[in-house]
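User: I would like to learn how to read helices in a model. Please take me through it step by step.

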Amino acid sequence: MVTRSEQIFVNLPVKDLQATTTFFTKLGFEFNPKFTDENATQMIIGKNIFAMLLKEDFFQTFHKNALADTTKVREVLITISLESREAVDELVDLALSIGGETAAETQEYEYMYSRSFLDLDKHLWEILYFNEDAFE
């Protein structure tokens, strides 16, 4: 059996839904109003890729485990690819200028360039450009 998904939804707990929505809006992301209310919003990352940003108390209704303290541990690494190194720099520089934090050193290889940042809730986002033609 081969499993193939039609869509991916990454669910992330957030402390302040409005502040987080504002942060990602400034980064150029759009949100689906059909799946947005006072508890959650659906951030559109790609054609079939979404981040569900859920207020922490609402997120807790889906499971009984404690939330990860993202100031101490990483619960997820979200990687998004963009079309160029310049686009990577533009997005990460903007994220850092509006409240994001640098998460790691820039990684640079012949076939890949990546930078990362922590969002307002300390979720780790890696933004990369991958040049398949240079990859062997």
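Analyst: A word on terms before we start: helices are DSSP runs of H or I with at least four residues, numbered from the N terminus. The model is a predicted one.

User: How many residues does α3 have, and what span does it reach?

Analyst: Helix α3 runs over residues 85-97, which is 13 residues. From first C-alpha to last it reaches 18 Å, close to the 18 Å expected at 1.5 Å a residue.

User: How do I read the sides of a helix?

Analyst: An α-helix has 3.6 residues a turn, so residues three or four places apart point the same way. In α3, the buried residues are Ala87, Val88, Leu91, Val92 and Ala95. These lie on the same side of α3 because they cover an arc of only 120 degrees around the axis.

User: What do the buried residues of α3 pack against, and which exposed residues does the opposite face carry?

Analyst: The buried residues pack against α1, β8 (112-118) and β9 (124-130). The face turned away from them carries exposed Glu86, Glu90 and Ser97.

User: Which residues are buried in α1?

Analyst: Leu17, Thr20, Thr21, Phe23 and Phe24 are buried there. They share one side of α1, because their arc around the axis is only 160 degrees. Gln18 and Lys26 are exposed on the face turned away.

User: Which residue caps the N-terminal end of α1?

Analyst: Asp16 does, with a side-chain oxygen 3.2 Å from the backbone nitrogen of Gln18.

Terms used:
Residues are numbered from 1 along each chain as its sequence is written. This is a predicted model: local features need pLDDT of at least 70, side-chain atom pairs count only at pLDDT 80 or more; totals for chains, interfaces and linings use all residues. Side-chain values use heavy atoms; hydrogens and water are left out. Buried means under 20% relative accessible area, exposed over 50%, partly exposed in between (1.4 Å probe, protein chains only). Helices (H or I, at least four residues) and strands (E, at least two) are DSSP runs, numbered from the N terminus. The arc is that of the directions from the helix axis to the C-beta atoms. A polar contact is a pair of N or O atoms within 3.5 Å; within protein, one must be able to donate a hydrogen and the other to accept it, and residues adjacent in sequence count only if both atoms are side-chain atoms. The expected span of a helix is 1.5 Å times one less than its number of residues. Contact means heavy atoms within 4.5 Å.
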